[in-house]
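User: Hi! Could you walk me through this structure?
Analyst: Happy to, here it is.
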Amino acid sequence: MKRYFALAVMMAIAGFCAGQDSPSRGQDRLAIGEHSADLGGIHFWYRVAGRGPVLVVQAPGWGVGSEYLQNGLAQLERNFTVIYYDTRGSARSSRPSDAKLMSTDDMIEDLGRLRDYWGLKSITVLGHSNGGAIALGYAIQHPDMVHKLILVDACTEDHDFRAEREQEIAARKDDPRFKDAIAAMGTFDAQTDEEFGVYLKKIMPLFFSDPASGMPRFAKTDTMLPTIWARRAVEAGLPVTKQESLLDHVTAQTLVLVGHDDWICPVTQGQRFNKGIRNSRLVVFDKSGHFPWIEAPEPFFAEVVQFAK
């Protein structure tokens with residue numbers, strides 16, 4: 001009898017330890033530091049920093065990686081546990097086996113896989129630029145999985161921005177601060193990451209309200225080369241993800257932030273988000289372009305912290 005009792009105790013202890021092992025591994029996935037995860041055929045690189053409620057930062061998917069967001073948004077780590085990750089095909093995350101698997105819908109699925117991997121029932125997610133399209137797409141397709149949504153100078157894929165963007169460029173054509181950048185826009189022929197980086201620097205003044213002050217600050221946050229392979233793959237006629245007509249599918253509380261002088265994701269896009277998403281609020285930052293945390297840091301961080309806490 002004693003032998004059976006001892007065996008039962010040992011089995012109970014073993015079972016308890018086994019039961020504790022899985023949760024601890026799950027918690028380790030959100031431990032402070034750099035991590036990797038192999039999901040859906042992609043090796044993802046991600047980093048966790050800060051303390052507080054979890055905030056997922058969604059990078060664009062065209063090759064730029066998440067470094068500029070890690071450095072530029074580091075102030076949020078005072079209030080949140082921030083998760084940054086490189087999208088498929090960009091920076092430290094691997095490429096898919098087929099370049100046709102670089103659509104926004106593929107990246108929306110990646111966000112879902114990562115959310116599940118991190119053990120989060122729902123997420124608060126901040127998406128910038130094309131990263132906003134990925135975050136928005138996830139909120140449209142999986143409304144129950146997004147608690148709060150922050151769209152920062154974001155655009156949809158299925159709206160024709162040509163007239164709006166041409167109007168914004170025309171308004172700058174006689175401004176000497178933007179003359180060289182406008183001339184460089186039609187010269188994209190980069191074949192390497194280095195050439196891609198050179199091209200982006202040439203056109204970068206257009207992304208700021210005041211490039212003389214904004215560009216040096218931004219340059220300190222963005223030192224990793226972009227990935228030309230991802231840019232080429234995204235431009236190769238991939239299926240367009242429909243979002244413009246589906247904004248009413250979003251149930252998450254939504255904060256729409258946009259720089260008044262952003263030409264590529266203009267204020268009119270923010271206004272459409274605000275109109276189409278029921279529970280949303282629009283904030284426009286004066287004297288700010290595509291990177292409001294650079295040109296309007298105090299109101300930008302105040303808005304995000306107040307909304308996401």
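Analyst: One term before we start: a crossing is left-handed if the near helix is turned anticlockwise from the far one by less than a right angle, and right-handed if clockwise. Helices (H or I, at least four residues) and strands (E, at least two) are DSSP runs, numbered from the N terminus.
User: Good. What should I know about the model itself?
Analyst: This is a predicted model, where local features need pLDDT of at least 70, side-chain atom pairs count only at pLDDT 80 or more, and totals for chains, interfaces and linings use all residues. Residues are numbered from 1 along each chain as its sequence is written, and side-chain values use heavy atoms, leaving out hydrogens and water.
User: Which way does helix 3 cross helix 4, left-handed or right-handed?
Analyst: Helix 3 passes helix 4 in a right-handed crossing.
User: And at what angle do their axes cross?
Analyst: At roughly 70°, with the axes of helix 3 (residues 104-117) and helix 4 (residues 130-141) coming within 9 Å. Axes are lines fitted to C-alpha atoms, for helices over the stretch in contact, and angles run from 0 to 180 degrees between N-to-C directions.
User: Which residues make the contact?
Analyst: Among them are M107, I108 and L111 of helix 3 and A133, I134 and Y138 of helix 4; contact means heavy atoms within 4.5 Å.
User: Switching to the sheet: what is the strand order?
Analyst: The open sheet has 8 strands in the order 1-2-4-3-5-6-7-8, with mixed pairing. Two strands pair if DSSP finds at least two bridges between them. Strand 1 (33-39) and strand 8 are the edge strands, each pairing on one side only.
User: Where does strand 7 sit, buried or exposed?
Analyst: Strand 7 (residues 253-259) has 6 of its 7 residues buried, so it is largely enclosed by the rest of the structure. Buried means under 20% relative accessible area, exposed over 50%, partly exposed in between (1.4 Å probe, protein chains only).
User: How many bridges join strand 7 to strand 8?
Analyst: There are 6, and the two strands run parallel. T254 stands opposite S280 in strand 8. On strand 6 (residues 146-152), the pairing with strand 7 is also parallel, over 5 bridges, and L151 stands opposite V256.
User: Last one: where is T156?
Analyst: T156 lies in the loop between strand 6 and helix 5 (162-170). T156 is buried, with a relative accessible area of 5%. Beyond its neighbours within four places in sequence, T156 has contacts including L136, F161 and E244.
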